[in-house]
Every structure is written in C-alpha cells, then in structure tokens.
Amino acid sequence: MSDDHSWSWSKEQSIPSDTAAGRVLLEELLDELRRQDWEERDVFGVHLAVEEALVNAIKHGNQEDPAKQVMVQTHVSATAVKIEVTDEGGGFDPEAVPDPTDDENLEAPSGRGLMLMKSFMSSVEFNDAGNHVAMTKVKGEED
Amino acid sequence: MSERRRITVNTVGDVHVVRFNDRKILDTTYIGELGEELFSLLEEPGSHKLLLNFDGVEFLSSGALNKLIFLDRRVKEVSGSLRLTNLRPELNEVFMITRLHELFQIFEDEVEALADLNSDD
C-alpha cells in the first residue's frame, strides 16, 4: 500500500519503554478502528500484531531501559491501517527467528509473536537494522 | 495455598477446572503470576488433571502461549492431563495458525473435556 493513502486519523507518539504506556496508545488505535466500523475480527488481528510489536520493541529492543523510547506512528482509514514501531535497540534479524510451526520447534516457547504478526496483518516489513517494523492491514482481507 | 488472584479453581471429581479472572492475558507480570498459580496445582498431592476453561478470555499474547507450553511440559513430567475448552473463534485461530492445536487437546466445552479426562482412567 502506498503512503499516500487517504488516512483519516494519524498519530505519532514517543513512549517510554513501558508496556503500560504502549497499551494506552494501543487502546486509542483500537477505539479508532471500531469508530470507523472495522469488524471485530480485524480489530483482534491488529490488536494482536501491535501488542506483539510493542512488547518486542520494549522488552527485546530497548531491554526496558527507561532512558530509551519507542516511536509509534499509526494511520487509520476506513479501509486500511498502518502501524510503524521503532525502538532504540540493536535490532534483530527476523529471518533468523525459527519457524515455531516446524515439527522440531512445536514445543519451543519462541517465535510465535512474529509469526502471529505476519499472519494477522496484510504486510510486515522490517528495516535492515531490525529495529523498525512497518505493518499494514487492509480491512476485511483474508490473512 | 495462598490466595489465587489470576484464576478461579473448582474441583469436579478429580479434575481441577480452571477459569481465568481477566479478559486479556498479555502482561508479563500477570502471566508470571498466572503461571505460578497454575503450576502450584501440579505441586499439590493427588490429581494432576487440569481443565483450562477460556470462557470470557478475549485475548492471549504469545507470552501467554509460551506459558501454556511450559505448563504442558510440566503436566507431562508429572504424568498428568491437560485439556483446554471454550476458546473463542479468534483464539482458536491463533492455536491453529501456530499449530498449537496439535500440542494441546482442545474441546468445545467442559462437558466434552471432562468426559475425555474421565475416559483416561
């Protein structure tokens, strides 16, 4: 999706490395989706993906360092939503995260957050450094 | 047993039937407490049959899924049994996507799960 989409609601905010602060922002986004008549299934998917992205940024990226911030940009329209999350950590290689659905990883407690983000959103892209993720979801699109 | 904050437990026969006190299971601290309370059920003498009823639970993070995987491991270590029930469709989809429906035994409701647990005897 191009960035010139006609967003009807946008917000850019820098939050501390604290999941409670992330959830305030997340609830605002979800309220806006519901206000724009997004279906609950789509709202659930966005909720799950943004929750996982914020936890990744705060805990794994910034290591919950109170001196570091997480930048979150959100855009909503009647038909699409875009969320970008940037942390101040060293980044990671998403390609190196093992597939949790491989037989040998089925009982391993890792990799599911990233997988759920990719499953419930239309697109998930990381920058080369691995400390910035941009996710979009098109309303009503089958995952 | 100290007071439980995250779960409510009823005993049906020799099965611990667990319900969750919160709609969203996502916060790390919460998940830690939840894990301690669930694991403590396996430390008590007697039955190690657990039925987790997710009625009313709207949301599970990957951290919560990971805690369930650890619980499943512990249940197997003590030769116990674990069943999950009443997952709303969105959560059921999460289990399907992650293939965790192959690791856990998931049932529509408590009646089905209790019948299955009792058939283990």
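Because the model is predicted, local features need pLDDT of at least 70 and side-chain atom pairs count only at pLDDT 80 or more, whereas totals for chains, interfaces and linings use all residues. Residues are numbered from 1 along each chain as its sequence is written, chains are lettered from A in the order in which they are written, and side-chain values use heavy atoms, with hydrogens and water left out.

**View 1. A salt bridge within chain A joins E51(A) and R23(A).** The N to O distance is 2.6 Å, a salt bridge being a side-chain nitrogen of Lys or Arg within 4 Å of a carboxyl oxygen of Asp or Glu. The pair links distant parts of the chain, with E51(A) in helix 2 (residues 40-61) and R23(A) in helix 1 (residues 19-35), 28 residues apart; helices (H or I, at least four residues) and strands (E, at least two) are DSSP runs, numbered from the N terminus. Both E51(A) and R23(A) are buried, where buried means under 20% relative accessible area, exposed over 50%, and partly exposed in between (1.4 Å probe, protein chains only).

**View 2. K24(B) and E27(A) form a salt bridge.** Their closest N and O atoms are 3.1 Å apart, and the pair crosses between chains, from strand 3 (residues 24-25) of chain B to helix 1 of chain A. K24(B) is partly exposed at 27% relative accessible area, as is E27(A) at 30%.

**View 3. E93(B) and R41(A) meet in a salt bridge.** The N to O distance is 2.6 Å, and this pair crosses between chains, from helix 3 (residues 89-97) of chain B to helix 2 of chain A.
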